[in-house]
Amino acid sequence: MGENTSITVNVGVVLDLDNSLGTKVWLSCIKMAISDFYTSHALSESRVALNIKDSRSEVVDAAAAALDLIKNVHVEAIIGPKSSMQANFVIDLGEKAQVPIISFSATSPSLASLQSLYFFRAAQNDSSQVKAISAIIKAFGWRVAIPIYVENAYGEGVLPSLMDALQDVRVHVPYRSAIPPTATDDQLAEELYKLMTMQTRVFIVHMSPSLGSRLFAKADEIGMMKEGYVWIMTNGLTNYLSSTNASIINSMQGALGVRTYVPKTQELIDFRSRWKRQFQHENPTVIDVELDVFGLWAYDAAYALAMAVENVGTTSSLSGSQTTNASINSSSTDLKTLRVSPRGRELSQSLSGTRFRGLAGDFSFSNGQLQSSVFEIVNVNGEGAREIGFWSPQFGLAKYMSNSTNANSSYSTSRSDMGPIIWPGDSTSTPKGWEVPTNNRRLRVGVPVKVGSPEFVKVVHDPVTNRIDVTGFCIDMFRAVMEGLPYAVTYDFIPFAKPDGTSAGTYNDMVHQVFLGNFDALAAATTIRANRSLYVDFTLPYTDSGVVMVVPMIDSKSRNAWIFLKPLTWDLWLTTSCSFIFIGFVIWVLEHRINEDFRGPPSHQVGTSIWFSFSTMVFAQREKVVSNLSRFVVIVWVFVVLILTQSYTASLTSLLTIKQLQPTCTDINQLLKNKESVGYPKGSFVYDLLIEKGFNRSRIKAYTSPEECDQLLKNGSAKGGIAAAIDETPNLKLFLAKYCTKYTMVGPIFKTDGFAFVFPKGSPLVPDVSRSILNVTEGDEMRNIENKWFGKKATCSVTNPMFSDSSSLGLDSFWGLFLISGLSSCLALMVFATSFFLRHRRIFITIRGSSICRKVGVMLRVFDEKDITSHTFRNKNLGRVEPSASPPCSICLPSPSSQHSNHTNIQDSPFFWEERTIIGQI
């Protein structure tokens, strides 16, 4: 073989050489990566030479080591440093010297914001795991969580993305626990005791393994690793579980963790075996060492760097250098003379394009960041961590790894996609994520001090015993609801009052005290408002909703002489009158030929027909109807008249006897237009609503008691009082119960969501209290509480004369009756007309050549004559002798002598002889 002409390329390694086991593992992996690469690439034209420097766990020492490597060793790249804070300074040096910095352990998201072309992170960004953590929290329905993090760049760097992820699943973060990197055990205990006083029991731990181990040991010592607690570790802790001391593992029992998923390939199995033999050979005193994911990332980072160096090639010497002043001493720390790598840009571009299947999975950079992969979810039990599921950015939670890569799967946040979990305290029951603190701290429940409406809340202070007695509807409701919770909650009622016992402010001020943390809850008639919900949480309402107004009532009963016309509307009056005339006409048509009562001069016939029709209104008609068709029409019409008269009588009676109480105003806009004064309870949010509505401040008057409100309404707006009192429905119902005969309620004029209890934003008590409110309001307990506080006074509201708009009866209520009567009358006319024309159809046949008008005229004359064939006339003619001479014919036909024999004589027609006979008998 020929002589080896490979060019040596210096590469720096900056790590904390503090004899820690982790550093030894990482260094061995880096060395094995370089060795494995050149073993598989024997003909490489370059050789990477590692130059190792100690950063001594300090930021300054790490920067000094990197500077020395760049200036004096002329390295072309640096692997390391260990921590994110160290990397922050080293990256700046690499940017200035154009030397790529490859870190496999600096995971803080803040490093990505530097946007350096020469920084490559061969580890997963801490922010890539926050979605997995939020998915776990969402799966179990926890609504509140507290992050516990180390107070440095590593710990604080993940917070923004973690807060965003928790907010996306609507998880509230009431507190952030920052632990100093150098915290003592006493400081850890102090912070943990503080957390014990809070209701939240879900903690997310993000810190270094050394500090995290001490935190869990102290938490176990003071009793925070028992049933009910939830601990979720980020991969900064979970990735080290394999090398964590057994005593620390024992203190973590029941905790959940998220760690990087590493596929168990045959290559990885073979490497573990080789690495363990070599590491044991180099470190014979170390026993049972485990290879963690950072070691695999260190191997992949070194291997990728060797590939990039080889890809750049030897077109120009990689070991060359440029300086701005060659005369400067090499030991100088002047950054102005910092060496600039001539091939740093090419090496950086080569690293960006490097892709291969590494020991930890697929290896590639995107904007200098290792691409996110699948996370493994583990549960600490026994001597280590037990796998319970996986999470991937595309498919969410999955019980098995095959499900997290199945293209047909959808994104999941279901707990069923995780295996069984043993929680702290060896419990298999899912913790609810919060509980009432066990340090004897009682809830401070604020109550208002009001002069009016003691039925809702009343605070009485006994100066002798210095005892405060709080009663009222809201207080009894709060007690009933809290007793209905599935757990015990202790509390004290704290009046919102000044030292002299007077009210300390409005309801808005009291709600703000909850936001400030001075109250843990409010038990008062607090209305749910959108602006208040920005700072506090409301339970479900326990009363009616809406803002209404109370106005005086006046008797609007008409006193004029024409009140008898008011029961019916004008259209019903007109329709009824027309119907009477129409019915009279129908009866005349049906009775005219056969009934003597409907015959005679035209004026007599018209009068009789109208008289007959209108007399049916009082059932006083004297004329008899003899036609069956007429009887049918009259029966239907009498039924219609009966309903009309009864309805008219009832409506007129109501108008004349019952008070027609009407509100003085039914529209708030009318009050605004007339510039009337309105009242509201002092301190109520109603004042803001009235201002928004457009009322002048001088027209808005506050009252403090029902008696004062009554007096203002009695005076009226013109006498310095008010035209309407505006308040919430429950308050004004109570007012009306006392003054039920004078006022009435109008509205709602504004929409609100009713009274509810108030808790701090994100309080875990809210869902349970809301469910308890439903149980109370749906049962008998709510009715009993209402009867206790409002029962006696509510009896007045039963006799409260509700105002009524006694509107006139309209056609829309009776058009069906008129339709039936009209159809029956038309049907009778059609039957009569058909029968009449069929009987006298010979007129049209006999009178040939005559016009239609003449034929119709003849038919009408026939219709005007008596029908002597009717049974009503036949009965009268029995035994009567007819005269020999025929009377003059009203239908003047020509005589027989005037006609010639060459055509038929009209008078000889059988039909006309019949007609003449009929007319002659008349």
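**View 1. The whole chain at a glance.** The protein chain folds into 29 helices and 30 strands, taking helices (H or I, at least four residues) and strands (E, at least two) as DSSP runs numbered from the N terminus. Do keep in mind that this is a predicted model, where local features need pLDDT of at least 70, side-chain atom pairs count only at pLDDT 80 or more, and totals for chains, interfaces and linings use all residues. Residues are numbered from 1 along each chain as its sequence is written, and side-chain values use heavy atoms, with hydrogens and water left out. Of the 922 residues, 49% count as buried, meaning under 20% relative accessible area, with exposed over 50% and partly exposed in between (1.4 Å probe, protein chains only). Among contacts (heavy atoms within 4.5 Å) with a separation of 6 or more, 71% come from residues 24 or more positions apart.

**View 2. A five-stranded open sheet.** Here the strand order is S21-S18-S22-S30-S23, with mixed pairing; two strands pair if DSSP finds at least two bridges between them. At the edges sit S21 (491-496) and S23 (536-538), each pairing on one side only. From one strand to the next, the twist averages 35°. Strand S18 (residues 443-448) runs parallel to S21 and is joined to S21 by six bridges. Look for Gly-446, which stands opposite Ile-494 in S21.

**View 3. Helices on the sheet.** Helix H15 (residues 507-516) lies across S18, S21, S22 (521-527), S23 and S30 (755-760), and runs at about 145° to S22. Helix H23 (residues 765-778) also packs on the sheet, where H23 touches S18, S23 and S30 and makes about 160° with the direction of S30. Axes are lines fitted to C-alpha atoms, for helices over the stretch in contact, and angles run from 0 to 180 degrees between N-to-C directions.

**View 4. Where H12 meets H13.** The axes of H12 (residues 293-312) and H13 (residues 344-352) come within 9 Å and cross at roughly 125°. The two helices are therefore oblique to each other, since angles under 35 degrees count as roughly parallel, over 145 as roughly antiparallel, 65 to 115 as roughly perpendicular and the rest as oblique. Residues making the contact include Ala-304, Leu-305 and Ala-308 of H12 and Glu-346 and Leu-347 of H13.

**View 5. Two cysteines.** Cys-474 counts as buried because its relative accessibility is 0%. Cys-826, at 37%, counts as partly exposed. The count of disulfides (pairs of cysteine sulfur atoms within 2.5 Å) comes to zero.
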